Amino acid sequence: MTLSAIQPIRSDQDPAERNSRPGHSRATAPLRTRSQKTKYALTVLAFLLPSAIPLALFTLGPMIGAAWISLTKWNLLAPQQFIGLDNYSKLLTDPRTGEIFLHTVYYIAGYLPLVYVGGLALALALNTALKGRSFLRGVYFLPVITSWIVVALVWRWLLNPSSGAVNSVLGWFGIEGPGWWTDPNWAMPSIILASAWKDLGFVMVILLAGLQSISPDLYDAAKVDGAGWWRRTFSVTIPLLSPSTFFVLIISLINGFQVFDQVYAMTSGGPAGASQVVVQQIYDLTFRYGKAGEASALSWLLFIVVLAVTVIQIRGQKRWVNYG
Amino acid sequence: MNRKIMAVVGLTGVAALVMTGCSATPAEPDAPVTITYTNFISNDGNEANLAKIVDAFEKANPNITVDVTTLPYSDYGTALQTDLAAGTVSDVFDIEYANYASYQANGVLAPLKVSNPSAYRQSLLEAYSTDGTSYALPSSFSDVVLYYNKDLFDAAGVSYPTNDWTWADEKAAALKITDQAAGIWGDHQPVSFYEYYKVLAQNGGKFLNDDGKTVAFNTPAGIEAAKWLVEKSGTTMPTIEQGQGTPDFDTNLFKDGKLAMLHTGIWVFGAFTDSPANWDIAVEPSNGTKASAVFSNAIGVSANSKHIEAATKWAEFMTSSDTMVQVRLDSGWELPPISDDAKLATYLDKGAPANRQAVFDALDGIALPPVVANGQSEMQDIMTEELVEAQAGRKTVEEALASAEKRINAVLAGQ
């Protein structure tokens, strides 16, 4: 098989439409014969294999395995016992399930605006001809590649109610800082704060790339028309940044539903379950309480929720995402 | 789904595949074998002591090599559970008394042919036997005592604790010594399941009903016991906001000479050897019934081990050999589980604390943790969580116990 067998379909052309177009010359049709089509499919497959094999082994396989486990009662030690949909009906009737999903949504609702607005502000600032901006970009990206355990420990220390730096600084201004992660009302805000700080650099990098793909001509044209900075930002930058924004939203929402490391390291879901989120609950059920069946069922519930939210987002993008 | 969640789901999936792949072959005592031993007991200070015992064993058994893995206690349970499920568990591993029943019932422990059962303290050996067969060997035992700082007692003009102290004596002394402005605290006792079942016993109550299917602590005695723990917070003991409950907070406070009384196990003796504090120990005070917490650890052999004979040999050496007794006594590494009290006698003269006799006096009245076959960790977590709710003032003690009763009963009913 040679590379000439690869005939990518141009993204701006619908293949069905192209082949049925009247008067379309057969000589230029990319995939003429059945054998060529097979060859093409095999070539694509060959290129996909390196990522498809791990995907099948480590994602699809375990997902199917988990679907089976979710129909059983299993404490990880004794043989599995088939119990049908009992785990699902138990989860759906347990008020605790609603609570942990609510905590997860609370996390997303706090985290997403914070990380997006912060990331956008950074991206806008570091997209100008600022001195030392490469260095600053590196600095802001550093937390992204730092281990969550390290970040969580540092934030636990910063937010220590009696000896932490944050409450000490607040104290200078006569403000009595809250109990942060020791207080059920402040545990989730503590986690949100640490998470937004850590992921700021990631959002910044994605948005920076988006900003740099916007043609300077558009800004020049807007300037000629008398648009000020605000006008240019809201009429040129934000609409043309929408594909990057969309990407950030999808990734952040999926990651948000799967928030775990920071919760595990900062509060383990406490105090009194106030910051218990879905994945922490999956972890606790499996490894602390020996309820792998229930945990697998919860994993599948989470998957369905994430899938639904993502599908809705992809459908909805047509209304607001501008691919130029 | 991304990596994070797949790590959780993936492990359970892979585990199912691996579990079917295990098989046992007969041991070959003459050929050199390597057995693996995973432990938490040597973590945080006793690694070199364990190495001494391993060296002595390998010298006596040149054909057997012991490959040691040491994990911190806080991660150990999760790691063991995962290894058992995945079929990657070591030949020999540590277990705690509270989890023995569950592991034995699930068939992960090999029945052991103990060559010299009389070497062990019988009560401890029986604690790890089911229907007359040993499924694990006790590796040590320890108890919880009252540590006190003599200098702080002297400064406040309070007489030292004795084995006959009651809760009222402890409270009076703690109130007198506590000087929050100077950062001096009178008392520290964790607000947790592990303290609660014990103070419950000290107050004449019990945690579980006799059938083991429902809890028995939501009574006036139970409420009084919970208040005893909870109400220390903020009066004679630092609050959660002040750091109470974080790892090593209490031992560091005691080490720094800022804590007059500390309820903790004899396993921290070693941590205080360099402390400038002038300290000693006494049996824990009670409220009518003497009840000290006694903990024991044990060593089990994996039912799937390919070298059960060699593994058993190591397990026996680690739990009953003279080398082990000597190393443990010399280093104050808990107490060896042996029956020969003459060998233990030297323990009394091994240095601070002076009143080592209290370690043995505490055994006269003991409280063992309540154990259930299914839901042990969940039961413990719920109890601690509800007590901490009361400690933080978000619930009254009565509300917390009522809620704990309801939730734990649901767990015990298998819901």
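Keep in mind that the model is predicted. In chain B you will find 16 helices and 10 strands, while chain A is divided into two assigned domains, domain 1 (3-69) and domain 2 (86-320). The chains meet through 34 residues of chain A and 31 residues of chain B.

**Overall build of chain B**

- Of the 415 residues in chain B, 48% are buried.
- If you look at contacts in chain B between residues at least 6 apart in sequence, 76% of them join residues at least 24 apart.

**Two helices that cross in chain B**

- A pair to look for in chain B is helix α9 (residues 220-230) and helix α15 (residues 376-391), whose axes come within 10 Å of each other.
- These axes cross at roughly 65 degrees, and the crossing of α9(B) with α15(B) is right-handed.
- Which residues meet where α9(B) and α15(B) come together? From α9(B) they are A226(B), L229(B) and V230(B), and from α15(B) they are L387(B), A390(B) and Q391(B).

**Chain A: confidence and domains**

- The average pLDDT of chain A is 87, and 90% of its residues score at least 70.
- Residues 1-6 of chain A have a pLDDT below 50, and this stretch makes eight contacts in the model beyond near neighbours in sequence.
- Residues 8-27 of chain A also have a pLDDT below 50, with six contacts in the model beyond near neighbours in sequence.
- Between the C-alpha centres of domain 1 of chain A and domain 2 of chain A there are 35 Å.

**Where the chains touch**

- On the chain A side, 34 residues are in contact with chain B, and on the chain B side, 31 residues are in contact with chain A.
- Which elements of chain A give two or more residues to the side that touches chain B? They are α2 (34-69), α13 (278-288) and α14 (292-320).
- Helix α2(A) supplies the largest share of that side of chain A, with eight residues.

How values were computed
Residues are numbered from 1 along each chain as its sequence is written. Chains are lettered from A and ligands numbered from 1 in the order in which they are written. This is a predicted model: local features need pLDDT of at least 70, side-chain atom pairs count only at pLDDT 80 or more; totals for chains, interfaces and linings use all residues. Helices (H or I, at least four residues) and strands (E, at least two) are DSSP runs, numbered from the N terminus. A residue is buried if 20 or more other C-beta atoms lie within 10 Å of its own, exposed if 12 or fewer, and partly exposed in between; C-beta atoms are placed from the backbone. Two residues are in contact if their C-beta atoms, placed from the backbone, lie within 7 Å. pLDDT is the predictor's confidence in each residue, from 0 to 100. Domain bounds come from an automatic or database domain assignment. Axes are lines fitted to C-alpha atoms, for helices over the stretch in contact, and angles run from 0 to 180 degrees between N-to-C directions. A crossing is left-handed if the near helix is turned anticlockwise from the far one by less than a right angle, and right-handed if clockwise.
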